Amino acid sequence: MRTCLVVDDSRVIRKVARRIIEEMGFEVAEAGDGLEALAWCRASMPEAILLDWNMPAMNGIDFLRQLRRERGGDNPTVVFCTVENDLDHIREALSCGAAEYIMKPFDSDIVQSKFAQAKLL
Amino acid sequence: MKPDEIEFVAEVCRAAAGIRVDPDKIYLVESRLAPVARREGFGSIREMLISARQRKEEKLLWSVVEAMAQGETCFLRDPQMFDQLREEVLPQLAVRRQPGHPIRIWSAGCASGQEPYSVAMTVEASGAGVLACGVDILGTDLSERALEKAQAGLFTQFEVQRGLPIQLLARHFEKRDELWALSPRLRAMVRWRRVNLNAELRGLADFDIILCRNVLKAMTAEARERALGQLVQAMAPGGYLVLGAEEALGDLPEGLAAAGPGLHRLDPAARAAA
């Protein structure tokens with residue numbers, strides 16, 4: 001089964017996202033910030049990452065930059081999922097290699113449509 | 001709502017726009033009409049309908065029809081169909097073009113504009129050949145309110161996250177307060193007009209592509225057949241009619257052959273004979 005790592009410092013968001021993404025046929029793992037996510041990826045690269053922007057320890061964009069420098073770090077398809085909803089953030093995410101970008105709040109339709117855009121479905 | 005009120009609504013919709021209202025779907029009718037009643041200053045749907053019925057208020061009746069006509073819409077709905085437009089249909093139309101004759105596209109039943117704007121984005125991405133011959137896009141809808149919204153080119157965060165890839169949002173939109181504004185360049189590619197597909201269509205002819213997706217399925221069989229016939233009359237020889245990818249309408253007029261998801265091509269000879 002394909003794995004999706006959900007990275008968000010809110011346990012509630014992780015829980016909601018987990019339910020939606022499991023329903024789309026992924027196995028879901030969780031991380032509470034960028035550092036935790038990085039440790040997870042070094043152990044085992046997921047196919048997909050749903051990534052928050054603002055988090056303690058290491059934020060989403062720094063995590064993504066670091067991820068792409070890791071061995072095999074080009075492989076995961078990264079979908080941002082954040083309250084940051086201006087073009088500067090979106091363009092920065094795209095230039096760092098994010099495939100899609102979800103602006104919170106989200107629902108299952110949006111996640112599904114964005115995963116489809118990112119060719120994850 | 002009571003049965004006679006539902007029946008009144010159904011009859012008004014049928015007569016004005018050929019729209020079929022299922023009298024069993026009370027919940028749907030109520031959920032569509034409650035906001036209209038509020039907006040027009042009535043205490044309930046019932047009060048609004050009594051006023052509309054007694055005074056035959058055209059404007060109020062139209063508000064009811066427009067609310068019932070509303071359908072689902074989103075950007076780039078049926079993405080495969082838009083891929084085919086971009087990769088195949090538009091370039092082929094461009095090759096056969098004579099100078100000074102732009103490709104003519106009509107989005108019939110365009111609601112709040114996502115469809116014609118999706119067409120504009122697709123045209124933009126379909127290469128120099130298509131852009132060089134020029135493209136006219138017409139968006140029409142029954143609802144004046146929908147057209148006003150469409151023309152403004154302003155969409156909510158929710159709307160731009162349905163169907164639109166983030167790259168296209170970044171390329172074509174700007175943030176304006178809490179809304180997303182489509183670029184003036186793309187907005188300028190679309191003309192707008194109010195058209196009731198249930199009425200006699202005047203001055204609509206020679207379209208190379210007509211999109212009428214998930215609109216006809218909401219009409220009565222009689223109204224649908226008439227509307228389809230008029231749409232075919234408005235097509236250029238060899239033109240394309242695009243229906244919803246999963247819209248099953250039964251028998252289509254003669255001369256239309258399936259050409260992709262929702263796509264139908266009109267045999268050039270069939271039109272000439274008609």
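Let's start on the outside: P3(B), D4(B) and E11(B) are exposed residues on the face of α1(B) that is turned away from its buried side. Keep in mind that this is a predicted model.

The buried residues of α1(B) are V9(B), V12(B), C13(B), A16(B) and A17(B). They sit on the same side of α1(B) because they cover an arc of only 95° around the axis. In general, an α-helix has 3.6 residues a turn, so residues three or four places apart point the same way. What do the buried residues of α1(B) pack against? Their partners are α2 (26-39) and α4 (58-69) of chain B.

After α1(B) comes G18(B), with a positive phi near 70°.

Next, the nonpolar core. The largest one has 109 residues, and those touching the most other members include L50(A), F80(A) and I210(B). Helix α5 (residues 79-95) of chain B gives the largest share, seven residues. Domain 1 (3-69) and domain 2 (79-273) of chain B each supply at least three residues to this core. Looking beyond its neighbours within four places in sequence, I210(B) is in contact with several residues, including W106(B), L231(B) and V242(B).

| Kind of residue | Number on the chain A side |
|---|---|
| nonpolar | seven residues |
| polar | three residues |

In total, the contact takes 13 residues from chain A and 10 residues from chain B.

Conventions. Residues are numbered from 1 along each chain as its sequence is written. Chains are lettered from A and ligands numbered from 1 in the order in which they are written. This is a predicted model: local features need pLDDT of at least 70, side-chain atom pairs count only at pLDDT 80 or more; totals for chains, interfaces and linings use all residues. Two residues are in contact if their C-beta atoms, placed from the backbone, lie within 7 Å. Ala, Val, Leu, Ile, Met, Phe, Trp, Tyr, Cys and Pro count as nonpolar, Asp, Glu, Lys and Arg as charged, and the others, Gly among them, as polar. A residue is buried if 20 or more other C-beta atoms lie within 10 Å of its own, exposed if 12 or fewer, and partly exposed in between; C-beta atoms are placed from the backbone. Helices (H or I, at least four residues) and strands (E, at least two) are DSSP runs, numbered from the N terminus. The arc is that of the directions from the helix axis to the C-beta atoms. A nonpolar core is a set of buried Ala, Val, Leu, Ile, Met, Phe, Trp, Tyr and Cys residues joined through C-beta atoms within 7 Å. Domain bounds come from an automatic or database domain assignment.
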